[in-house]
Amino acid sequence: MSAAPGFVLAGGDLHASLENPVLGSVAFLNEVMTRYPSAISFAPGAPHLAHLADVDVTAYAARYERHLVEDRGTTAERARNLLHEYGPSRGLINDLIAAALRHDQGIDVPPRSVVVTVGAQEAMLLTLRALCRSRDDLLAVVEPAYVGMTGAARLLDVDLVPVPETADGVDLDALRGACAAARKRGRRIRALYVAPDYSNPSGSVLDLETRQRLLAVADHDDLVLIEDSAYGFTAPPGHALPSLKALDTDCRVVHLGTFAKVCLPGARVGFAVADQPVVRADGTEGVLADDLAVLKGMVTVNTSPLCQAVIGGMLLAHGGSLAALGDATSAHYRRNLAHLLAALDRELGGATPPGVRWNSPSGGFFVRVRLPVRVDTALLEWCATEFGVLWTPMEHFYLSGGGTDELRLSCSYLTLDRIDEGIGRFAEFLREVAGPPRRGRRALP
């Protein structure tokens with residue numbers, strides 16, 4: 001056995017975020033999936049890979065390279081080098097993204113206002129770092145909130161303010177009250193993070209009136225809205241609502257997007273639309289995207305040009321349309337979601353255990369289930385051991401101690417037959433924990 005090192009780091013001397021349960025929640029779920037490999041897992045919100053079996057990434061990269069030569073007038077040698085170099089921090093395919101957003105969503109911004117990031121996660125980190133100057137700046141989040149954003153805030157020492165979710169998507173009165181309370185303490189809520197379309201984890205949607213009222217509140221209370229658009233593409237045909245950015249007439253919205261769910265998760269390509277005017281101390285003017293690009297240069301330097309080329313080629317092959325690019329995957333996820341909801345109805349609809357209920361979203365990846373018992377990691381591990389099913393406790397997504405009687409099911413990663421088998425097991429688990437006492441009942445955790 002080798003000798004212990006003389007130098008040992010004390011955990012208490014490392015950044016406080018490392019002890020925060022938010023950062024550990026994703027690691028725990030990955031670890032528990034490894035421990036129960038035979039369990040059917042409704043835990044990960046990961047994209048399904050079935051539609052990628054025949055994707056030729058080399059052909060898509062070549063398609064983008066031809067675009068550089070034929071449409072941009074770049075020499076063949078320079079086009080090849082652009083894909084092999086580090087590349088600009090702002091990105092290579094900004095013009096294609098801007099054109100797609102204009103065509104599909106009515107978001108009319110110049111390419112300069114787009115920064116191509118390493119997934120939407122980096123876009124969240126960069127946006128928070130740019131907006132929050134000091135510890136007096138706070139981030140409000142609609143609760144329950146995606147742990148990627150709350151985790152980024154923890155890493156950056158940005159304090160969080162939870163705003164309750166309502167049937168309309170967000171409690172605007174509570175948001176205004178929180179802004180006023182922060183001002184009384186000499187602080188300010190700098191921004192609100194919100195996912196208006198089929199949010200992770202709750203699957204909620206902000207209706208059109210609420211979107212318009214939220215923009216009015218942002219103007220009144222001087223807020224930036226950080227809009228996460230990851231799941232908007234899963235809306236049923238004809239039912240998509242305009243994004244906050246499409247409704248934004250005052251540059252209040254930073255719009256975050258990702259290609260991971262739409263077409264190719266392994267590329268890790270996301271983007272931020274940040275067209276907010278910035279006037280600097282020396283009198284020079286720019287837009288927030290300029291500052292995000294500067295910050296990105298110190299974080300990841302640039303987003304892989306080869307990965308951008310693949311995404312660019314995929315966009316070009318679908319007429320430059322994000323909507324067309326996401327058609328097949330959107331249909332797949334809606335089919336999976338409908339199948340999951342039908343399986344719940346089939347297994348439980350006729351005799352739902354007391355205190356058990358679930359929502360029925362029309363898009364997104366997630367179904368939220370409420371139980372009449374405490375839902376925590378101990379119950380999750382018991383379910384995995386006794387019933388061979390995994391899910392996500394909702395308490396991971398709350399800042400204020402809520403969600404202790406809820407769990408999240410994800411429909412995205414499983415095949416239809418695995419959904420059927422998994423919901424059959426899950427129904428048995430629910431009858432065990434929520435049904436009336438009976439002989440031979442398995443010992444609860």
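In this predicted model, residues 24 or more positions apart account for 71% of the contacts in the protein chain that have a separation of 6 or more. The chain contains 15 helices and 15 strands, and its radius of gyration of 23 Å is close to the 22 Å that the globule rule gives for 445 residues, so the chain is as compact as a globular protein of that length. Taken along the principal axes, the box filled by the C-alpha atoms is roughly 75 × 65 × 55 Å.

Turning to burial and surface, buried residues make up 51% of the 445 residues in the chain, while the accessible surface comes to about 19400 Å², with 54% of that area belonging to carbon and sulfur atoms. As for charge, the chain carries 43 positive and 52 negative side chains, and the centres of these two sets lie 3 Å apart.

The cysteines deserve a separate word. A disulfide is a covalent bond between the sulfur atoms of two cysteines. The structure holds zero disulfides, and the sulfur of Cys263 lies 11 Å from the closest cysteine sulfur, in Cys307, which is too far for a bond, given that a disulfide requires a pair of cysteine sulfur atoms within 2.5 Å. Cys307 is likewise in no disulfide, with the sulfur of Cys263 as its nearest cysteine sulfur. The surroundings of these residues are set out below.

| Residue | Relative accessible area | Class |
|---|---|---|
| Cys263 | 2% | buried |
| Cys307 | 22% | partly exposed |

Cys263 counts as buried because its relative accessibility of 2% falls under the 20% limit, whereas Cys307, at 22%, is partly exposed.

Key. Residues are numbered from 1 along each chain as its sequence is written. This is a predicted model: local features need pLDDT of at least 70, side-chain atom pairs count only at pLDDT 80 or more; totals for chains, interfaces and linings use all residues. Side-chain values use heavy atoms; hydrogens and water are left out. Helices (H or I, at least four residues) and strands (E, at least two) are DSSP runs, numbered from the N terminus. The radius of gyration is taken over C-alpha atoms; the globule rule is 2.2 Å times the number of residues to the power 0.38. Buried means under 20% relative accessible area, exposed over 50%, partly exposed in between (1.4 Å probe, protein chains only). Contact means heavy atoms within 4.5 Å. Accessible areas come from the Shrake-Rupley method with a 1.4 Å probe; for residues, only the protein chains shown count as cover. Lys and Arg count as positive and Asp and Glu as negative; His and the chain ends are not counted. The place of a charge is taken as NZ of Lys, CZ of Arg, CG of Asp or CD of Glu.
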